[in-house]
Amino acid sequence: MKRFFAPSGPLRGTLRAPGDKSLSHRAALLGAMSADPVRVTGYLDAADTRSSLNAVRACGALVEEGGEPGSLTIRGPGLRNAIPADIDVGNAGTLMRLLPAWLAGQPGGAWTFDGDESIRRRPVDRVAAPLRAMGARIDAREDRFAPFTVHGGPLRGTEYELPVASAQVKSCVLLAGLLAEGTTTVVEPEPSRDHTERLLARAGVQISRAGGRISVTCQDELELGALHVPGDPSSAAFHIAAAVLVRGSRIVIADMNANWTRTGFIRIAERMGAVVIGDLEPVRMGEIPTEEPVCELDVAAGPLVGTVVEAGEVPLAIDELPLVALLGCFAEGETVVRGAAELRVKETDRIATVVDGLRGLGADIEATPDGFVVRGDGGLRGGTIASHGDHRLAMLGAVAGLASREGVEVDGMEAADVSYPGFERDLATLTA
Ligand code: S3P
């Protein structure tokens, strides 16, 4: 599906971004692992998070939808009663990396995972390695890709040092730790999103964090209670970027997740000159909170200057780095992102697709092995960009169009449905 996004006048208005995708996946999984029913509000209704609901259904959970949009009740089979099944993860990398953890610890069962063409190119050895170290048996195509089968068995606690700061891998090890004998510890090189830790703390799990070491112990059951999923900062980031780029804009993002491990992009945009007012959670290491903080964000455009994003900041803005490249096109001077080789194993190789895509719109941008360098020259001409089936690339193209001189045609706009089905409608309310 092709869509044209014309240069826009100022964006104005208030918007609630759709439910947080990371939290919605975790709500589905932990809901299914809980003994008691878990009522969820604000759940993201998108292709990726529907895959998670279908996956937990296949494993024996009852999911009651209906009533208010985003409201559902999950009645799990509980921590140790998943039913053997074939799991279709669709396009959802988070589901593919987290769900095996729960299943690996259940003796007697086998679960086969598969997904779409993009998911078959994304590595699962990063979770298979720690799970195997805990005693799991996983058979994967070429030892590292879907389709793969998880054979449940007894697990033992381990200490696992993450080779890259990945919240998915960290979460996988922690969830497996709930079913493993003894204590399981993950050591992260840099902080990454900590939703799993917060939810586990909320569910009554003994979990501790100190100096990059996070430990959990074996559990009998989880008691999660009711959960509200606030708006997704990664989805809001597209509207924020549009408001930052189109002069005269002023928008408010309501009910947004303000968790500091998710708001790296907002801090980067502020550093570049964006005017953002909001109660973002301050950086907080150490004790794990049981809540996700929520904020209202007031955003206005401002003249931008280039910036450097180093490795430590990358996990806190990983999904928004394509937008940093876009802001860089409009900034004075150079914008550099380093230490972000992980972008190469996202829904697409996002270093290649973002660099090629923005260059096609007139950007002066170069790929490096672990990031990119953009030389801002006051804007973007416009043209055509292909989404390559990547939701974030499709939305990047739309925002680029609004801020460009000639407009942008996005080829493959339907990809946005993976995380944000109402994206075009929401953007239209701000540009009307
Ligand atoms: C996610 C973690 C990130 C992110 C992905 C969602 C999560 O991946 O890119 O969109 O929900 O844990 P990595 O943990 O692999 O960096």
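In helix α9, the buried residues are L321, P322, L323, V324, A325, L326, L327, G328, C329 and F330; buried means under 20% relative accessible area, exposed over 50% and partly exposed in between, with a 1.4 Å probe and protein chains only. This is a predicted model, in which local features need pLDDT of at least 70 and side-chain atom pairs count only at pLDDT 80 or more, while totals for chains, interfaces and linings use all residues. Residues are numbered from 1 along each chain as its sequence is written, and side-chain values use heavy atoms, with hydrogens and water left out.

**Overall build**

- The protein has 12 helices and 25 strands, where helices (H or I, at least four residues) and strands (E, at least two) are DSSP runs numbered from the N terminus.
- Its radius of gyration is 21 Å, close to the 22 Å that the globule rule gives for 432 residues, so the protein is as compact as a globular protein of that length. The radius is taken over C-alpha atoms, and the rule is 2.2 Å times the number of residues to the power 0.38.
- The C-alpha trace spans about 60 × 45 × 40 Å along the principal axes.

**Burial and contacts**

- Of the 432 residues, 62% count as buried.
- Among contacts (heavy atoms within 4.5 Å) with a separation of 6 or more, 76% come from residues 24 or more positions apart.

**Domains**

- The protein is divided into domain 1 (2–18 + 230–431) and domain 2 (21–228), with bounds from an automatic or database domain assignment.
- The centres of the two domains, taken over C-alpha atoms, are 28 Å apart.
- Domain 1 puts 37 residues into the contact and domain 2 puts in 31 residues.

**Largest pocket**

- The largest pocket holds about 560 Å³ of space. A pocket is an open set of points on a 1 Å grid over the protein atoms alone, where a 1.4 Å probe fits, with protein on both sides within 12 Å along at least five of seven lines; lining residues have an atom within 4 Å of a point. Grid points are joined across faces, edges and corners, and the volume is the space filled by probe spheres set on the points.
- This pocket is lined by 37 residues, of which A165, S166, I318, E342 and K346 are the closest to its centre.
- Domain 1 and domain 2 each supply at least three residues of the lining.
- Helices α1 (21–33), α3 (93–104) and α5 (167–177) each supply at least two lining residues, and α1 gives the most, with 4 residues.
- The lining has 11 nonpolar, 10 polar and 16 charged residues. Ala, Val, Leu, Ile, Met, Phe, Trp, Tyr, Cys and Pro count as nonpolar, Asp, Glu, Lys and Arg as charged, and the others, Gly among them, as polar.
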